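Visitor: I am new to this structure and would like a close look at a single part. Could you walk me through the salt bridges, please?

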Amino acid sequence: MKAYRFDNVDAGLQLEDIDMPQASPGEVLIAVKAAGLCHSDCHILKENNWVGKRPITLGHEVAGNIIALGDEALNVQISDRVAVALISHPIEEMQLSASIGLGFDGGFAEYVAAPITHIVPIPHGVSYEQAAVATDSISTAYHAILAEAKVTASTTVAIVGLGGLGLNGLRIAALQGARVYGIDIDPKKCAAAKKLGAVECFVSLASIKDVMIDVVVDFVGLSATLSEAITSVKLGGRIVAVGLGETETNLPLFSLVTRGIELKGSSGASLQDFHSAMALIASGDICPILEDIPFTHLTEGFNRLERGEVNGRLFTRPVGNDKNTSKPA
């Protein structure tokens, strides 16, 4: 079968012919119908230590149909529509080895074997591609907004970075009844943000005048964006860092300390977060912005992500399954 493999930074992402996987005890074999492209994969392609094994088939946002059951694979059936959850919380129990496309071979392939413990049925009304991106893009935003930022109807929140993750976070915050402001250096993203519930959009936090910001959720993750958040959020306010634009940052420590700012990191989501994210899609409250790219154009898709040329979220249908319908059941 065809699969996109990663071994080292110099070789990069390679489309290879590999053996079809088999479902071991406690696993199911899935025909991959949709796999999302994540900016985390761009980091993997630049840093060897981001994955638990090498070589590895990348792709950690995965949905498809079960086609085979390993021993002890209970409560599922052949042909079930499923997605593979990325379980990162409770954070102290997170295991990289149990994460698809990070600890074991992922979904940039025609078929993938995954543990039954991470298999989640796709609800009626949710397409394969919606379910795939919900595993990370929507679940991660959901966790950041509710579990870490603790956004409620009484919160005024600024969402920094209106890409695929940020727009989902903005929508989830708006659904709570919060007063939401969108921040992005590209003013063309304002229309989509307002449609999803933003009160107004700005090119920087400093541009917001006469508004007390309770919480800033940074989906960019640069020294510049985090520093601006520290000086812009209210005294005693909260900042949640989600984006990884830089691996190391320089921050205004004096302002952080004297203004009593809480700075919290947020990575991934819990299994319940994923179920909640899928329910929001099924209800129509969230409709992620998606773009289908050919399986053979995966490398160019990641290049576009690196250049910031993607609105919403990219996904692909691996060779062999790309002619199958992806309409919701």
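Guide: A salt bridge here is a side-chain nitrogen of Lys or Arg within 4 Å of a carboxyl oxygen of Asp or Glu. Side chains of opposite charge can pair when their charged atoms come close. Please keep in mind that this is a predicted model.

Let us start at the open sheet, where 3 strands run in the order β2-β1-β4 with antiparallel pairing. Its edge strands are β2 (13-17) and β4 (56-57), each pairing on one side only. Between β1 (residues 2-6) and β2 there are 5 bridges in the antiparallel sense, and Ala3 stands opposite Glu16 in β2. In this part, the side chains of Asp17 and Lys2 meet in a salt bridge, 3.2 Å from N to O. Asp17 belongs to β2 and Lys2 to β1, so the pair ties together parts that are 15 residues apart in sequence. Asp17 is exposed, at 59% relative accessible area, while Lys2 is partly exposed, at 31%.

Next come Glu306 and Lys46, whose side chains form a salt bridge of 3.4 Å, N to O. This pair links distant parts of the chain, 260 residues apart: Glu306 in helix α8 (residues 298-307) and Lys46 in helix α1 (residues 39-46). Glu306 is partly exposed at 40%, and Lys46 is partly exposed at 44%.

Finally, Asp184 and Lys189 meet in a salt bridge at 3.8 Å, N to O. Here Asp184 is buried, with 12% relative accessibility, and Lys189 is buried, with 15%. Elsewhere, salt bridges that share partners join Arg5, Lys53 and Asp105 into one network.

Key: Residues are numbered from 1 along each chain as its sequence is written. This is a predicted model: local features need pLDDT of at least 70, side-chain atom pairs count only at pLDDT 80 or more; totals for chains, interfaces and linings use all residues. Side-chain values use heavy atoms; hydrogens and water are left out. Two strands pair if DSSP finds at least two bridges between them. Helices (H or I, at least four residues) and strands (E, at least two) are DSSP runs, numbered from the N terminus. Buried means under 20% relative accessible area, exposed over 50%, partly exposed in between (1.4 Å probe, protein chains only).
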